Amino acid sequence: HKALKLIRLGTEVVEQNVDYNLTKRETQILEQLASGRNYQEIAENLFISPSTVRKHIENIYQKLQVHNKVEAVQLALKNRLV
């Protein structure tokens, strides 16, 4: 998924493509997080273990350079990742 990031250079606004390199599974988990589901619910919905969900979420935080669920969901929505 590519997201557009707007950068202001003087009076000119420049669009910059930002690719967070999220896998399909990470995007699915991010969508579930954005819907307000907890780790257990996400695990059940995607037929994986809660510890696998936790690992994917760690990877998502690292790729998005965020520290918690709220930041991750806000960035994902802002950049149309979900």
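Tutor: The model is predicted, so local features need pLDDT of at least 70, side-chain atom pairs count only at pLDDT 80 or more, and totals for chains, interfaces and linings use all residues. Residues are numbered from 1 along each chain as its sequence is written, and side-chain values use heavy atoms, with hydrogens and water left out.

Student: What makes up the secondary structure of the protein chain?

Tutor: Four helices and two strands. Along the sequence the pattern is β-β-α-α-α-α. Helices are DSSP runs of H or I with at least four residues, strands are runs of E with at least two, and numbering starts from the N terminus.

Student: Why are helix 2 and helix 3 called roughly perpendicular?

Tutor: Their axes cross at roughly 105° and come within 8 Å. The axes are lines fitted to C-alpha atoms over the stretch in contact, with angles from 0 to 180 degrees between N-to-C directions. Under 35 degrees is roughly parallel, over 145 roughly antiparallel, 65 to 115 roughly perpendicular, and the rest oblique. Helix 2 and helix 3 are therefore roughly perpendicular.

Student: Which residues make that contact?

Tutor: Helix 2 (residues 39-46) gives Y39, Q40, I42 and A43. Helix 3 (residues 50-64) gives P50, V53, R54, I57 and Y61. Contact means heavy atoms within 4.5 Å.

Student: How do these residues divide by class?

Tutor: Seven are nonpolar, one is polar and one is charged. Nonpolar covers Ala, Val, Leu, Ile, Met, Phe, Trp, Tyr, Cys and Pro; charged covers Asp, Glu, Lys and Arg; the others, Gly among them, are polar.

Student: What makes E26 and K63 a salt bridge?

Tutor: The rule asks for a side-chain nitrogen of Lys or Arg within 4 Å of a carboxyl oxygen of Asp or Glu. The E26 and K63 side chains meet at 2.8 Å, N to O. E26 is in helix 1 (residues 24-34) and K63 is in helix 3, 37 residues apart.

Student: Why can such side chains pair?

Tutor: Side chains of opposite charge can pair when their charged atoms come close.

Student: How many salt bridges does the rule give?

Tutor: Two. E58 also bridges to K55, with the closest N and O atoms 3.5 Å apart. Both lie in helix 3, three residues apart, about one turn of the helix.

Student: Why is E26 called buried?

Tutor: Buried means under 20% relative accessible area, exposed over 50%, and partly exposed in between (1.4 Å probe, protein chains only). E26 has 3%, so it is buried. K63 has 30%, so K63 counts as partly exposed.

Student: What about E58 and K55, by relative accessibility?

Tutor: E58 is at 45%, so it counts as partly exposed. K55 is at 46%, so K55 counts as partly exposed.

Student: What does E26 touch, leaving out residues up to four places away in sequence?

Tutor: N21, H56, N59, I60 and K63. The E26 side chain also reaches the backbone nitrogen of T23 at 2.9 Å.

Student: How do you know whether Q74 is buried or exposed?

Tutor: Q74 has a relative accessible area of 52%. The exposed class is over 50%, so Q74 is exposed. Q74 sits in helix 4 (residues 69-78). Q74 and A34 are 40 residues apart in sequence and 8.4 Å apart in space, C-alpha to C-alpha.

Student: What share of the protein chain counts as buried?

Tutor: Of its 82 residues, 30%.

Key:
A polar contact is a pair of N or O atoms within 3.5 Å; within protein, one must be able to donate a hydrogen and the other to accept it, and residues adjacent in sequence count only if both atoms are side-chain atoms.
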